[in-house]
Amino acid sequence: MECPWVGVLGRGGRETASHSGRLGRLTQILPPPVPRPVSLNLSRVRSRHERGKGHLEGWTTSFTLMLNLGKSGLRVSCLGLGTWVTFGSQISDETAEDLLTVAYEHGVNLFDTAEVYAAGKAERTLGNILKSKGWRRSSYVITTKIFWGGQAETERGLSRKHIIEGLQGSLDRLQLEYVDIVFANRSDPSSPMEEIVRAMTYVINQGLALYWGTSRWSAAEIMEAYSMARQFNLIPPVCEQAENHFFQREKVEMQLPELYHKIGVGSVTWSPLACSLITSKYDGQVPDACKATVKGYQWLKEKVQSEDGKKQQARVTDLLPIAHQLGCTVAQLAIAWCLRSEGVSSVLLGVSSAEQLMEHLGSLQVLGQLTPQTVMEIDALLGNKSHSKK
């Protein structure tokens, strides 16, 4: 599989030569693997966010690779920070600030949210943190998603009215003049595609967003939006947000690469750990401090304890020897595995502590070790490799 990587090692990091070879050659631009999964051998430098808080005190580095978002000119970190479940809900505002700061100081520039997350509290928390930090607006990328905005019929969906009013509401909560990308958070059969594309073009022309994308759309729907944009001289979507992990792979592996080559649509993927299923912490039980215990996420607890969930956990256990061989955790292996897919510009991380974030950032050091042979071993254990229907 050809890999589209071109690398910059974080904000202010060493620029590398362009790279378009196979995964095995990524070692030319990635740091060497670490012998201990969570200890990232960081340079001991006083960070700007130091507030005397133990694990955060005095450590900073910059090593996140930057990639173009699809075939657009927008550069995003290959690992982004998501706010689903965590911001405004599972974690305190203080912890959220720590996470955003650690991510930013380690080269992450992509922060994702949505109007529906914690009924708007996630956007509000993110906006308050960004305002307090005073970082240059040009140095980071903010994305939000529009569909579920309120209880009224006119506060949901992808009508021109809700796209414009919903985005304005998000901007008010974020305390920003614009977002870099606004996503349609699912397709809307009740809204004509022309209306959706015209509304997205309008908010971009008005300076409320710089790009637009889709989330959980089918390949056919994305192509329809692209064709509509070309037909009426409107602005097409630049990327799709899609779920991708060991147990959800066909769309990202078989459908989206074709869109990437044909129309330049890139992929931002989410849930690399399958809503925390891909860790070794469950073992048939649900710990108190995990997403499955958060109010409103009973479905996740049921998923973990279902027969399919138990089978997936068994597969995760089977992967542990490979993770140990590479000197990483199974979570790092899973995130690196997601990054290997063609056309994927960024993988969104959902974390609830700085330690967890640091562990996940370490997945970049695993990526260069995912040789074709290692990927084949993973595929054999999973037994669900996607195959072309041609």
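Here are some friendly notes on the charged and aromatic side-chain contacts in this predicted model.

1. A word on the ground rules. Residues are numbered from 1 along each chain as its sequence is written, and side-chain values use heavy atoms, with hydrogens and water left out. Since the model is predicted, local features need pLDDT of at least 70 and side-chain atom pairs count only at pLDDT 80 or more, while totals for chains, interfaces and linings use all residues.

2. Let me start with the charges. The structure has 13 salt bridges, each being a side-chain nitrogen of Lys or Arg within 4 Å of a carboxyl oxygen of Asp or Glu. Five residues are joined in a network of such bridges: Arg249, Glu253, Arg340, Asp379 and Lys385.

3. Helices (H or I, at least four residues) and strands (E, at least two) are DSSP runs, numbered from the N terminus. Glu240 is buried, at a relative accessible area of 0%; buried means under 20%, exposed over 50% and partly exposed in between, with a 1.4 Å probe and protein chains only.

4. Helix α7 also holds Glu258 and Lys262, which are four residues apart and so separated by about one helical turn. They form a salt bridge with the closest N and O atoms at 2.8 Å. Glu258 is partly exposed at 39% relative accessibility, and Lys262 is exposed at 56%.

5. Glu153 and Arg156 make another salt bridge, with 2.8 Å between the closest N and O atoms. Here Glu153 is exposed, with 65% relative accessibility, whereas Arg156 is partly exposed at 28%.

6. Now for the rings. A search of the whole structure gives seven aromatic pairs. Rings of Phe, Tyr and Trp (its six-membered ring) pair if their centres lie within 6.5 Å; planes under 30 degrees apart count as stacked, over 60 as edge-to-face and the rest as tilted. Trp212 and Trp217 pair edge-to-face, 6.3 Å centre to centre and with 70° between the planes. Trp212 is buried at 0% relative accessibility, and Trp217 is buried at 1%. Elsewhere, Tyr104, Trp135 and Tyr140 form one aromatic cluster.

7. Finally, charges over rings, meaning NZ of Lys or CZ of Arg within 6 Å of the ring centre and within 35 degrees of the ring normal. The charged end of Arg160 sits over the ring of Tyr202, 4.7 Å from its centre. For Arg198 over the ring of Phe232, the distance from the centre is 5.1 Å.
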